[in-house]
Amino acid sequence: MTIVNTGANAIADHIAAEYRVVAIGNGGDTTSLQSTGLNSFVRMKVGQIPDVVGTSLIYNVSFTGAEIPSSGVSELGIFKTGTGESDGTTPPNGILLSRVTFTNTGVVGSSDTVSFQVRIEVGNE
């Protein structure tokens, strides 16, 4: 059975309404289908509303160098909004939607900014 475009659009809208936490960490192992969190949580941003373009969700989030440890970051996850996440320094307790690893940023100057854009495709587009 195929998910039709209107169904995929509805799924994308649902995800956009429920998954609004973007967290970074400095773990590096590969993501498995059984993953439930980041390997080594560093920081998160709550209330990140993705742009929905058809069946695509596009998250844009930035972290300052002051929010990134000198060890850098190398993983990012999208989580369902949970509770107790307002300060950004407590690991998210929501459901993990997606996780990606990347080359470690290394040291980031405290006044510099690292911006991430994550695109998630839902359906057949």
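Reply: Helices (H or I, at least four residues) and strands (E, at least two) are DSSP runs, numbered from the N terminus. This is a predicted model, in which local features need pLDDT of at least 70, side-chain atom pairs count only at pLDDT 80 or more, and totals for chains, interfaces and linings use all residues. Residues are numbered from 1 along each chain as its sequence is written, and side-chain values use heavy atoms, with hydrogens and water left out.

Me: In which strand does Ser56 lie?
Reply: Strands are labelled E and numbered from the N terminus. Ser56 lies in strand E4.

Me: Is Ser56 buried or exposed?
Reply: Buried means under 20% relative accessible area, exposed means over 50%, and partly exposed is in between (1.4 Å probe, protein chains only). The relative accessible area of Ser56 is 2%, so Ser56 is buried.

Me: With which side chain does the side chain of Ser56 make a polar contact?
Reply: A polar contact is a pair of N or O atoms within 3.5 Å; within protein, one must be able to donate a hydrogen and the other to accept it, and residues adjacent in sequence count only if both atoms are side-chain atoms. Contact in general means heavy atoms within 4.5 Å. Not counting residues up to four places away in sequence, Ser56 touches Asp51, Arg119, Ile120 and Glu121. The polar contact, at 3.4 Å, is with the side chain of Arg119.

Me: What is the order of the strands in the open sheet?
Reply: Two strands pair if DSSP finds at least two bridges between them. Three bridges join E3 to E4, which run antiparallel, and Asp51 stands opposite Ile58 in E4. The open sheet has three strands with antiparallel pairing, in the order E3-E4-E7.

Me: Why is one side of strand E3 and of E7 left without a neighbour in the sheet?
Reply: Strand E3 (51-53) and E7 stand at the edges of the sheet. One side of each lacks a neighbour because each has a single partner strand.

Me: Which helix packs on the sheet, and what angle does its direction make with that of E4?
Reply: Axes are lines fitted to C-alpha atoms, for helices over the stretch in contact, and angles run from 0 to 180 degrees between N-to-C directions. The helix touches E3 and E4. It is H1 (residues 5-18), and the angle is about 25 degrees.

Me: How many aromatic pairs does the structure hold?
Reply: Rings of Phe, Tyr and Trp (its six-membered ring) pair if their centres lie within 6.5 Å; planes under 30 degrees apart count as stacked, over 60 as edge-to-face and the rest as tilted. The number of such pairs here is two.

Me: What kind of pair do Phe63 and Phe116 form?
Reply: The ring centres of Phe63 and Phe116 are 6.3 Å apart. Their planes stand at 70 degrees, and over 60 is the cut-off. The pair is therefore edge-to-face.

Me: What kind of pair do Phe102 and Phe116 form?
Reply: The centres of Phe102 and Phe116 are 5.4 Å apart.

Me: Is Phe116 buried or exposed?
Reply: Ring pairs link Phe63, Phe102 and Phe116 into a cluster. Phe102, at 26% relative accessibility, counts as partly exposed. Phe116 has 13%, so Phe116 counts as buried.
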